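Dear colleague,

Please find the structure below, together with its sequence.

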Amino acid sequence: MYEDRRRGRAIIWIVSFIIFALLFSLIGNQLLQVFLNISEFGDLYIRPFFLSYVGGLILAVIAFVRFNIRDRKSLTLWALRTFLASMRGGLFHPRPFNFERFRLQPTTFVMWQITKVLIGSLIMSNALFGMTLIASISGWDSGLQHVPGIFSLPFTTFEQRSATGAETVIKAAPALTLLIPPILSAIGIRLILLIGLTQIIKVITHTVISFIETGVATIKTSTIEALISLGLAWTGFNIFFSNYINFNTKIFITAAFVTSAIFALFAYWDSRKMPVMRNIYLRAGALILIALAVASAVTIQNSIADAQKLEWQGPYVSQEIAVNRYLARLDDIKIMTYNFSLVTIPPENIDSYIESNMDILSRVSLWGWDAAFAKLKPEIGLIPYVQFEDSDILRFNNTLYWSASMKPVLPPTVTAADLWYNEHLVYTHIPEGFLMLNAHTGDVVDPGLFFRERRIYYGEGGADSLFSTTWAAIIEGKENSDEIGGVRYDGRGGVKVSPPLSWIFDITFFLSYPDRTIHLLRYRDVHERVQLVLPYFAYRWQDGRLVDMLPVTNGERANWLVPLIVALKTDNLPWSRSNPFTRLLGFALVDAYDGTINIIVTGDDFFSQLFKTVYSDYITTEVPEWLRNQIRYPAELFRWRVEMFNIYHVTDPATFIQAREFYEVPQGLSVYYIMEKPQGFSKMEFLGLLSLEVRGAQGRNLAGYILVRNDYPYTGEMIFYAVPPESETKLLGPTAAQQALERDPDFRVIKTLLTTDPKNPPRIGERILYNIGQHPVYIIPVYTAPAGAEDVVVTQIGTVAAVGAAFTGQYFVGLGDSVEEAFRNFLYKLAGASAPEARELTFEEWLEIVLKHLRDSGLRVEEPEEINANLVFFEGSVRLISEGDVENVKAKLDEFLQNWVTEKGLGRVLYWLEGDSLNVGAIMVEDGVVVLRYMTIILG
């Protein structure tokens, strides 16, 4: 027996040790993660928790604290005592079960309230509420003083086109989105738990005890009636804060309060045992009469409103329009009449007309997202540890580029035994960072021309990306690096962990590197990293996709530009229809090598002011000079504002009710970012574009198109070019433009020549509308890759189409090998003439064009007989084989001269020929070493 006891004690000790070890491992690791987060991010990580706790603390007091120190009730402790009493067994005694007689000791009562607040503050945590409270104390205006005006809105009669009600709502919008909803929620919880459930328990225990003691179940109907009265009054109060108010709202509010008053009278009479309307049928009849009166009033008003829509609905529609225009900032959208017609250029003037518009023609984007992705795919080569994650359109020196960002993945050949080593020590980064392609010419360009530091340690995640699935480590003091390529990370990112904390973080460090400091890189997925410290913003859009971020560069380091979009719920904002209050606060700039986060605030709305008040020590409102022309307005936010504009551009209540001028984005159309010079612009600009059609119209003509500007300080400015409804000349939509192309006899011939598989014809590219001089034209590339082939790794442009968007009954389509040639043929067709045969320039003529541009730069242009340099760097190449390439070549030359001649203080540029190529270079001394940097121009 003694041996059995010893064996039993040993088993208990072993089990206890295992449980303790598991708990210590779990809790210890979580505490370590918090410690590491604080060490790496500092107050930027702590602040959201602090704000959440402040907000949760106040809300917990409202929701859970009992102030009645006389009764000193607690449902939780009463239920626990009752449960323990029942577990002890024995005869049932009604006294401990009686909730009405249950009292806590004063000290216990106070301590329990404190405990509830501490626990409840975690349950009710609300960072935005806490931020609002702290900012309000600091002087930020929450608009709370305007909230009382909301109570008069359901009972106010508005003029037909008056927006006075909306003005009240807009003034109170900060409080109605940030303060009122959590307070209403906390009060609701209090009413349910501390009042409703408490009183119901009292009724139940009283009924049970009375039945046990007297044999008759006595129900306190007065208490139930008082609860119903309170619930109806609370419902009526909440109706004031519903997301829509109309002529029926005041009926529902009045009915709720009147019925609440009646139940309150019932409760009073029953509590006093007064013989007034004790008959249940009389009471039920009174309630039925109220319900019938409400239903009748609503039915009658709805019937009248059906016949007199404008008179009855119009005033409330005016409020809805004004509120939603505010939510989506539609008042800032400029609406301009799009003046266009079918302009015929005389044949003898076509060449000069084309020359005057070469700035646009040379900047047309022929390579869309899919085509660029397909062309960049072969560039990844046979590298098994990287995959494409996304492509982004970037703008450098008025030239658009597709940048394909990559993510690190484990090669499929890695065995399970080598998994830990490769995940954490080897595949720590992407060695080359990005691949880039010129969106105009389709040329693959050297990303090193823009991103000098191309090693990416913090980047875009994904389902199988090592950035999002695991952490990386660098062993301090280890002689040989395990990282790809033998490089060693020496950035400021991450956090260094020494023993014994490194052992707790991962037991492998205890076994393999017990005495080494570990440099840990965590939260390498940039979205996850920014969300960790700034949880207030939308990182996934309404369709579930991540908000797009893009790479930018200051000339040396690569950074990720993450849009900070706030989308506040408006369920308690009258006339909002629950459309969110959405704004671009600014951007988080994340270093791709170090992971450091800089917050740039560009917004001027109430939430931006709130954020600036609370985060004043972490933000800047100055956009760096190098970033101003790389900023891109988020496509997600642009599309959402356009969707709101499609409805709420209508400001006339009658037109809105008739719903005959609503717009929609053509099916399958996405946001295009292009270089464009629209009407009213004096120079080319980087713009976002969406075309709009009239919703429900049979014809697929455009109602106009809407642009968003990207360059700072105009970021987010939107312009809608509206086609006059009475215009005889119509503007073709993208679907009609493609149909016009498909019907063109010349295109049918070319299509046949390009088709290798009848089931998979050549793929037609993006249908983008350009404003070229006086002509709105769709420029449509046609690729040699079949439309149904997803795995094609080689694709080229078979032809380019220029389809006239101005339409009076006849389509005009020009085809060519370049945008310039297609547009020229379009103009000749429009003029009813045949285009002359294009003369090809000789090698000498192409050479002279380049040399002339070099001489015009003011530099000494010399052709050396021999070049001697210690180091030679190739800075990229460009083709000059058609007139459409001229502007691109000049831009590339200017970029090279700026980076390697002018900025280096040199006054001389060299050129030499190699076969059909012209090399342009500059010699300089760097760190005592003679360096030659050059670029190549392929001629003819």
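A charge is taken to sit over a ring if NZ of Lys or CZ of Arg is within 6 Å of the ring centre and within 35 degrees of the ring normal. Arg632 meets this for Tyr673, over whose face it lies at 4.9 Å from the ring centre. Likewise, the charged end of Arg47 is placed over the ring of Tyr615, 5.2 Å from its centre.

Please note that this is a predicted model, in which local features need pLDDT of at least 70 and side-chain atom pairs count only at pLDDT 80 or more, while totals for chains, interfaces and linings use all residues. Residues are numbered from 1 along each chain as its sequence is written, and side-chain values use heavy atoms, with hydrogens and water left out.

There are 55 aromatic pairs in the structure (rings of Phe, Tyr and Trp, the last by its six-membered ring, with centres within 6.5 Å; planes under 30 degrees apart are stacked, over 60 edge-to-face, the rest tilted). The ring centres of Tyr673 and Phe686 are 6.0 Å apart and the planes are at 45°, so this pair is tilted. Tyr673 and Phe686 are both buried (under 20% relative accessible area; exposed is over 50%, partly exposed in between, with a 1.4 Å probe and protein chains only). Ring pairs also join Phe151, Phe155, Trp234, Phe237, Phe240 and Phe241 into a cluster.

Tyr53 is partly exposed, at a relative accessible area of 33%. Beyond its neighbours within four places in sequence, Tyr53 is in contact (heavy atoms within 4.5 Å) with Leu118 and Ser121.
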